[in-house]
Amino acid sequence: MEQLYVLGTGNAAVTRCYNTCFAVKDGSEFFLVDAGGGNGILRILNDMNVPLNSIHNIFVTHEHTDHILGIVWMVRMIGSRILSGKYEGNLNIYCHDLLPDTISTLCRLTLQGKLCKLIGDRIRLVPVTDGQTERILDYDVTFFDIHSTKARQFGFTMNLKNGKKFTCAGDEPYNPICQPYVEGSDWLLHEAFCLYGDREKYKPYEKHHSTVKDACELAQSLNIPNLVLWHTEDDQISVRKEKYTAEGREYYHGNLFVPDDGEILDL
Ligand SMILES: [Zn+2]
């Protein structure tokens with residue numbers, strides 16, 4: 001059975017947890033999605049016993065710091081293993097068409113030349129278009145443009161081996177244009193910046209983010225049976241699960257997950 005490894009659950013500015021990123025585990029392989037904003041990705045992967053040698057496929061949703069900068073660390077660490085003969089196969093980094101240039105530039109400015117030379121060789125930057133399907137692990141993964149107004153961003157959907165449809169909607173509110181990709185999902189991964197009750201304090205709408213109530217109403221209206229909320233503020237991290245779950249239950253009657261960093265969910 002596939003598992004969802006929750007590596008980080010915070011928004012861009014958090015300090016008490018890591019930025020939202022995750023991996024789907026199938027057998028001994030992991031499909032990593034985003035890598036947070038720094039080398040905290042290495043700690044959480046280590047803490048969760050995810051070997052770098054088990055990561056050959058990464059998807060980067062968009063260019064914002066809290067999603068892309070950890071990718072530089074993945075290139076650095078996996079690239080070093082490639083150079084020392086300790087990594088089999090290639091690393092594929094999937095992303096929308098503007099990001100290969102961004103990722104290679106970030107790497108070129110911050111990593112040693114011998115690592116950068118692997119890009120285009122054993123580290124492959126694979127651009128995808130809206131609606132494109134790629135075979136990743138044992139899955140047909142279909143990428144889609146979430147139509148962000150802030151920075152071009154893609155999500156994806158895929159069918160798990162148990163037939164369930166698993167969809168990542170990125171870090172902005174669901175846009176109805178994406179309905180063909182999101183409808184019928186058994187699992188929806190969606191952002192929730194804060195509680196609806198705290199909207200005056202955190203001003204999620206100014207930042208084009210949702211509250212727990214908004215995300216839950218959406219999932220309810222789409223009849224999504226399993227909803228994962230993350231990309232949150234971290235001021236009350238110790239009671240986040242309890243408070244977000246309590247607010248969400250008022251608006252959503254499916255299985256609501258408000259995971260902490262380091263949790264593993266059975267899909
Ligand atoms: Zn973000």
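The zinc ion has four protein donors, Asp66 (OD), His67 (NE2), Asp171 (OD) and His231 (NE2), at 2.1 to 2.2 Å. The model is a predicted one. Along the chain these donors of the zinc ion are spaced as D-H-x103-D-x59-H. Since Asp66 belongs to helix α2 and His231 to the loop between β12 (226-230) and α8 (237-249), the pair ties together parts that are 165 residues apart in sequence. Asp66 is buried, with a relative accessible area of 4%, and His231 is buried as well, at 3%. The angles among the four donor atoms run from 90 to 166°. Four donors count as tetrahedral if all angles lie between 85 and 135 degrees, and the zinc site is irregular.

Helix α3 covers residues 99-110. At 1.5 Å a residue, its 12 residues should span 16 Å, and the end C-alpha atoms are 16 Å apart, which agrees. Leu99, Pro100, Ile103 and Cys107 are the buried residues named in α3. They cover an arc of only 105° around the axis, so they lie on the same side of the helix. These buried residues pack against β4 (55-60), α2 (65-83), β5 (91-96), α4 (113-116) and β6 (123-128). Asp101, Arg108 and Leu109 are exposed, on the face of α3 turned away from its buried side.

The model has 11 salt bridges.

| Salt bridge | Closest N and O atoms |
|---|---|
| Asp235 and Arg16 | 3.7 Å |
| Arg152 and Asp97 | 3.0 Å |
| Lys241 and Glu263 | 2.5 Å |

Asp235 forms a salt bridge with Arg16. This pair links distant parts of the chain, 219 residues apart: Asp235 is in the loop between β12 and α8, and Arg16 in the loop between β1 (3-8) and β2 (21-26). Asp235 is partly exposed at 40% relative accessibility, whereas Arg16 is exposed at 51%.

Arg152 forms a salt bridge with Asp97. Arg152 is in the loop between β8 (139-145) and β9 (154-159), and Asp97 in the loop between β5 and α3, 55 residues apart. Relative accessibility is 30% for Arg152, which is partly exposed, and 42% for Asp97, also partly exposed.

Lys241 forms a salt bridge with Glu263. Lys241 is in helix α8 and Glu263 in the loop between β13 (255-257) and β14 (264-266), 22 residues apart. Lys241 is partly exposed at 33%, as is Glu263 at 22%. Elsewhere, salt bridges that share partners join Arg16, Asp234 and Asp235 into one network.

Terms used
Residues are numbered from 1 along each chain as its sequence is written. This is a predicted model: local features need pLDDT of at least 70, side-chain atom pairs count only at pLDDT 80 or more; totals for chains, interfaces and linings use all residues. Side-chain values use heavy atoms; hydrogens and water are left out. Helices (H or I, at least four residues) and strands (E, at least two) are DSSP runs, numbered from the N terminus. The expected span of a helix is 1.5 Å times one less than its number of residues. Buried means under 20% relative accessible area, exposed over 50%, partly exposed in between (1.4 Å probe, protein chains only). The arc is that of the directions from the helix axis to the C-beta atoms. Contact means heavy atoms within 4.5 Å. Donors are N, O and S atoms within 2.8 Å of the metal (3.2 Å for Na, K and Ca); water is not among the atoms, so sites may look incomplete. Four donors count as tetrahedral if all angles lie between 85 and 135 degrees; four count as square planar and six as octahedral if opposite donors are over 155 degrees apart and all others between 65 and 115; anything else is irregular. A salt bridge is a side-chain nitrogen of Lys or Arg within 4 Å of a carboxyl oxygen of Asp or Glu.
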